[in-house]
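Open the model in your viewer and switch to cartoon view. We will go from one stop to the next, selecting as we go.

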Amino acid sequence: YTLALPGGWRRTEPPAGADFAATSADGTAEATLWVERDRRLGFDAFEARSIDQLRELAGNAEVSERVPGPTPEQTVVRLSADASPESGGATYEVTLRSAGPYRYFLSTMVAADASAVARQESELIQSSFFPERE
């Protein structure tokens with residue numbers, strides 16, 4: 001996979017099961033990527049499971065954007081969770097992608113008190129993410 005890591009962001013130890021994590025220079029935004037290899041996991045089931053996971057974490061979740069492609073590899077789904085008491089006022093954005101047997105779940109979290117710069121940098125990470133083709 002490739003993604004742009006804005007200046008000042010630093011890689012951190014990923015949480016259990018994750019493949020990548022980074023934090024903004026001021027610590028008010030985070031990015032985490034989970035990569036799962038499961039050719040049998042259809043994209044629709046992956047999306048449904050991901051929405052459930054985001055709801056559990058943030059208290060709410062919805063599909064904010066769907067860019068359909070002729071194949072799952074060309075399809076992009078974005079999920080979002082607005083600030084809620086369950087999330088401590090943080091907002092979450094998730095990009096779901098697939099490539100061959102791999103399913104990618106890229107999550108960014110922006111704290112309620114994050115600067116406009118941290119918010120823009122989080123958006124850059126989301127928009128620059130591309131899985132490797134097999």
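Select residues 76–81 and 91–99 in this predicted model. These are strand 5 and strand 6, paired in the antiparallel sense over five bridges. Which residue of strand 6 is the bridge partner of Leu-79? Pick Val-94 and you have it.

Seven strands form an open sheet, in the order 1-2-3-7-6-5-4. The pairing is antiparallel. Look for the edges: strand 1 (10–11) and strand 4 (62–67) each pair on one side only.

Move on to residues 116–128, helix 2. Helix 2 lies across strand 3, strand 5, strand 6 and strand 7. It runs at about 175° to strand 7.

Show the side chains of helix 2. Ala-118, Glu-121, Ser-122, Ile-125, Gln-126 and Ser-128 are buried. The buried residues pack against strand 3, strand 5, strand 6 and strand 7.

Last stop: Ile-125, in helix 2. Buried or exposed? Ile-125 is buried, because its relative accessible area is 0%, and the cut-off for buried is under 20%. Its contacts beyond four places in sequence include Trp-9, Ala-31, Leu-106 and Thr-108. Leu-3 is also touched. Ile-125 and Leu-3 are 122 residues apart in sequence, yet 6.0 Å apart in space, C-alpha to C-alpha.

Key: Residues numbered from 1 in each chain as written. Predicted model: local features only at pLDDT ≥ 70, side-chain atom pairs only at ≥ 80, totals over all residues. Heavy atoms only, no water. Pairing = 2+ DSSP bridges. Helix = DSSP H or I, 4+ residues; strand = E, 2+ residues; numbered from the N terminus. Contact = heavy atoms within 4.5 Å. Axes fitted to C-alpha atoms, helices over the stretch in contact; angles between N-to-C directions. Buried < 20%, exposed > 50% of the residue type's maximum accessible area, 1.4 Å probe, protein only.
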